[in-house]
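Reader: I am new to this structure, and I would like to understand the words that are used to describe it. Could you show it to me and then take my questions in turn?

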Amino acid sequence: MEACKELKAKYDRCFNDWFSEKFLRGIYDDSECAPLLKVYTKCVAQAMKDQNINLDEINITHLGTEQEKKTEN
């Protein structure tokens, strides 16, 4: 989603910094990046809606259901 590209880059930078500088050292608080993830997620959801991609289809649970068993063949 081109519209969200810069937001993704900002979140990725934040996450990578947090992961390498904090998480790997035992600091698990990711509150610095959480707001960026929220904005990025909203952007992706809006872009998907604009492209007529049904978000309900993405949120359907398939693992362990009859639907999953049908696709294994």
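Author: What follows is a set of questions about those words, with answers that set values against definitions.

Author: This is a predicted model, in which local features need pLDDT of at least 70 and side-chain atom pairs count only at pLDDT 80 or more, whereas totals for chains, interfaces and linings use all residues. Residues are numbered from 1 along each chain as its sequence is written, and side-chain values use heavy atoms, with hydrogens and water left out.

Reader: Why are α1 and α2 called roughly antiparallel to each other?

Author: The axes of helix α1 (residues 5–21) and helix α2 (residues 34–50) cross at roughly 150° and come within 9 Å. Helices here are DSSP runs of H or I with at least four residues, numbered from the N terminus, and axes are lines fitted to C-alpha atoms over the stretch in contact, with angles running from 0 to 180 degrees between N-to-C directions. Angles under 35 degrees count as roughly parallel, over 145 as roughly antiparallel, 65 to 115 as roughly perpendicular and the rest as oblique, and α1 and α2 are therefore roughly antiparallel.

Reader: Which residues of α1 and α2 meet?

Author: From α1, L7, K8, K10, Y11 and C14 meet L36, L37, V39, Y40 and C43 of α2, where contact means heavy atoms within 4.5 Å. The residues of this contact divide into eight nonpolar, no polar and two charged; Ala, Val, Leu, Ile, Met, Phe, Trp, Tyr, Cys and Pro count as nonpolar, Asp, Glu, Lys and Arg as charged, and the others, Gly among them, as polar.

Reader: How many aromatic pairs does the structure hold, and what makes the pair of F15 and F19 stacked?

Author: The structure holds seven aromatic pairs. Rings of Phe, Tyr and Trp (its six-membered ring) pair if their centres lie within 6.5 Å, and planes under 30 degrees apart count as stacked, over 60 as edge-to-face and the rest as tilted. The ring centres of F15 and F19 are 5.9 Å apart and the planes lie at 20°, so this pair is stacked. F15 and F19 are four residues apart in helix α1, and are thus separated by about one helical turn.

Reader: What makes the pair of F23 and Y28 edge-to-face?

Author: The planes of the F23 and Y28 rings stand at 65°, with centres 5.1 Å apart, so the pair is edge-to-face. Y11, F15, W18, F19, F23 and Y28 form one aromatic cluster.

Reader: How do you know whether F23 and Y28 are buried, partly exposed or exposed?

Author: Buried means under 20% relative accessible area, exposed over 50%, and partly exposed in between (1.4 Å probe, protein chains only). F23, at 30%, is therefore partly exposed, whereas Y28, with a relative accessible area of 55%, is exposed.

Reader: Why does C33 count as buried?

Author: C33, which has its place in the loop between α1 and α2, has a relative accessibility of 3% and therefore counts as buried. Leaving aside neighbours within four places in sequence, C33 is in contact with Y11, C14, F15 and W18.

Reader: And why is D30 called partly exposed?

Author: D30 is also found in the loop between α1 and α2, and its relative accessible area is 40%, so the residue is partly exposed. D30 and W18 are twelve residues apart in sequence, and 7.1 Å apart in space from C-alpha to C-alpha.

Key: Helix = DSSP H or I, 4+ residues; strand = E, 2+ residues; numbered from the N terminus.
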